[in-house]
Amino acid sequence: MKKLTEHLSSLHFCLWLLVVLIGWFTWAVVLATATGHSETFRQMNNHLLRNWLSISREGSSLIRFWFFGLCAATTALGINLIFCSWNKILKMTARRMNRSAMLMLLIHIVFGLVILGHFGSLVMGFRLSNVRLQQGESFAFGNGYRIIADQIHFTDDPAVLSKPLKAMRSGEFSFASNYVQVSVYRNDRFLKSGKLFFLKPFVLDGIQFTLRNFTPPVSKGTIGKTVPHTTPSAGTVLFISANPVKNFVFGLFPLMIIGITIYLILTWKQPGHLQHASTAAGGNTQ
Amino acid sequence: MQLLLFSYLTIACFSASLFFLYKKRFAAEKYCAAGGCLFCGLILVILMTAKGNLPVFGDFESSMCVTGVLGILVLFCSPRQNAGTTARGWAYGFILVLLLLSLYYPKVPSPDEHNHQYIWVIFFHGFRRIALAAMLFSSCFYIQYRKNRRRGVPASMFSHQGRNYLLAAAICFLVSEYAGMIWCQNGWGDFWHWSNAFFQSTLVLLYLMAAFHIPGRNGNFDRARSLIGSLSGVFFLTMMMIRSLI
């Protein structure tokens, strides 16, 4: 039992797992470059894990295998993190009682929590992708919520909308002047209205409404829905999501960075015994 | 034309630095390196004024940005005179590789994409460039350490300095990742996305983690640690080049 504990908390085990993960992610780069699989990864982004597992078909079995392999390796790394923190770093901290050892322990704990937060974002909350709305249209979703696109304000040349987002230049697409004015209702009771800009989402009750794109204007009647205006305006694509662990991860991540920075400052100078060994060997260190 | 001229002048200055380093004319080496940084800085200023934002996006401007940061690190943070000549030599080598690569890219400011004024996008790209420069600088120390070790000269100072700059690179990389998370959250509605870019970033992060988790202090593990440290800059540079190609 002691041998197993030793193994689980060893740096050797950690290193092997990291090597496995490097191989695993290299494989993912190859998979994501292949056309068919990149679509499967896109599906993963649009759905929570449970939904993705239920909708994905045989075509994605390789990605499923990759994903479960990733989960297994990450779980093993988590076990190693817990054992190592308990058996080694904590003991080292208690023995030396120095700040750098305490910081190392803290950094490892925060890192573990950040990874847990990432996993949490795969299973908690909800995601509604590709919510396409024309001006005046509404979309109903969980627990009696409804969003109405009151106004789709697009001032640039709609021809730019045929381009992918990455190809849009700042001269042809204005960040500040294009927006979607929305109102949110719950059980037909008005809650709040707000404007959605690119990279400036609207958040209400923990639900984030993100403007993903505008769509080219469609003439009245062509989409088979009644639109209460006569001039064709651009449409919009929204992403509606709720992620309960978002603030947890966004709060912990800078803590981890600050922790590593302080650790680096504290340990910048070489330990005395190593410095002595280095200088005793002679001045010529070229 | 102006950018091409300054590019050649930067190459000439850093080549002269390398030459004077091996001739042990350290004062001349230092002045030439300062000249190289100056010309590199001029290129960045021209790009910045032409485009109106930081030159950290396109291939040409980002390689000039990394060159500039690495040049400054060599000037102000490397051991001087006769100490650490291998480290400085490799740093000039990396700078020249970056400059030669930049010659193949169109010497114009990168296209002004619609999100290039967004602060988190600037942070994301900017800190990545600084991380790459710090990683390349760290590699130089590890290479020096390996060379000294082979000669039987214990110089753990270089290994420790390599570790310091690798850790500094990891911090810059994490800041870049954090900026990327905010960008992703506000642009796509979630703070991470399964994509090629994400996989490549994770690979760099895992590589750094592996470099910091090599057990033991002696023998093979020490060699492995210094080898992984030596290759860290090249690994990250390769990742960034693959990313710009895909």
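**Loops and exposure**

Tutor: B:Lys24 is placed in the loop between α1 (2-22) and α2 (26-51) of chain B; helices (H or I, at least four residues) and strands (E, at least two) are DSSP runs, numbered from the N terminus. This is a predicted model, in which local features need pLDDT of at least 70, side-chain atom pairs count only at pLDDT 80 or more, and totals for chains, interfaces and linings use all residues. Residues are numbered from 1 along each chain as its sequence is written, chains are lettered from A and ligands numbered from 1 in the order in which they are written, and side-chain values use heavy atoms, with hydrogens and water left out.

Student: Why does B:Lys24 count as partly exposed?

Tutor: The relative accessibility of B:Lys24 is 44%. Buried means under 20% relative accessible area, exposed over 50%, and partly exposed in between (1.4 Å probe, protein chains only). The value for B:Lys24 falls in between, so the residue counts as partly exposed. B:Lys24 also has a positive phi of about 60 degrees, although not a glycine.

Student: Is A:Asp205 buried or exposed, and how do you know?

Tutor: A:Asp205 has 53% relative accessibility and therefore counts as exposed. A:Asp205 lies in the loop between β6 (202-204) and β7 (207-215) of chain A. A:Asp205, too, is not a glycine, yet has a positive phi, of about 50 degrees.

Student: What makes A:Ile240 buried?

Tutor: A:Ile240 has a relative accessible area of 0% and is therefore buried. A:Ile240 belongs to strand β8 (residues 235-242) of chain A. Neighbours within four places in sequence aside, the contacts of A:Ile240 (heavy atoms within 4.5 Å) include A:Phe126, A:Val131, A:Phe139, A:Ile207 and A:Phe209. In chain A as a whole, buried residues make up 45% of the 286 residues.

Student: Why are α2(A) and α7(B) called roughly antiparallel?

Tutor: Helix α2 (residues 11-33) of chain A and helix α7 (residues 196-212) of chain B have axes that come within 9 Å and cross at roughly 160 degrees. Axes are lines fitted to C-alpha atoms, for helices over the stretch in contact, and angles run from 0 to 180 degrees between N-to-C directions. Angles under 35 degrees count as roughly parallel, over 145 as roughly antiparallel, 65 to 115 as roughly perpendicular and the rest as oblique. The angle therefore makes α2(A) roughly antiparallel to α7(B). The crossing is left-handed, a term for a near helix turned anticlockwise from the far one by less than a right angle, right-handed being clockwise.

Student: Which residues make this contact?

Tutor: Among them are A:Leu18, A:Ile22, A:Phe25 and A:Val29 of α2(A), with B:Phe199, B:Leu203, B:Leu206 and B:Tyr207 of α7(B). By class, the contact has 15 nonpolar, 5 polar and no charged residues. Ala, Val, Leu, Ile, Met, Phe, Trp, Tyr, Cys and Pro count as nonpolar, Asp, Glu, Lys and Arg as charged, and the others, Gly among them, as polar.

Student: What makes the relation of α7(A) to α6(B) roughly antiparallel?

Tutor: Helix α7 (residues 246-266) of chain A and α6(B) pack at about 165 degrees, with their axes 10 Å apart. That angle makes α7(A) roughly antiparallel to α6(B). Their crossing is left-handed. The residues that meet include A:Phe250, A:Phe253 and A:Ile257 in α7(A) and B:Leu167, B:Ile171 and B:Tyr178 in α6(B). The contact divides into 17 nonpolar, 3 polar and 3 charged residues.

Student: What makes a set of residues a nonpolar core?

Tutor: A nonpolar core is a set of buried Ala, Val, Leu, Ile, Met, Phe, Trp, Tyr and Cys residues joined through side-chain atoms within 4.5 Å. Of the 122 residues in the largest one, A:Phe25, A:Phe41, A:Trp66, B:Trp194 and B:Phe199 touch the most other members. Helix α6 (residues 156-188) of chain B gives the largest share of this core, 16 residues. A second, separate core has 27 residues, including A:Phe198 and A:Ile207.
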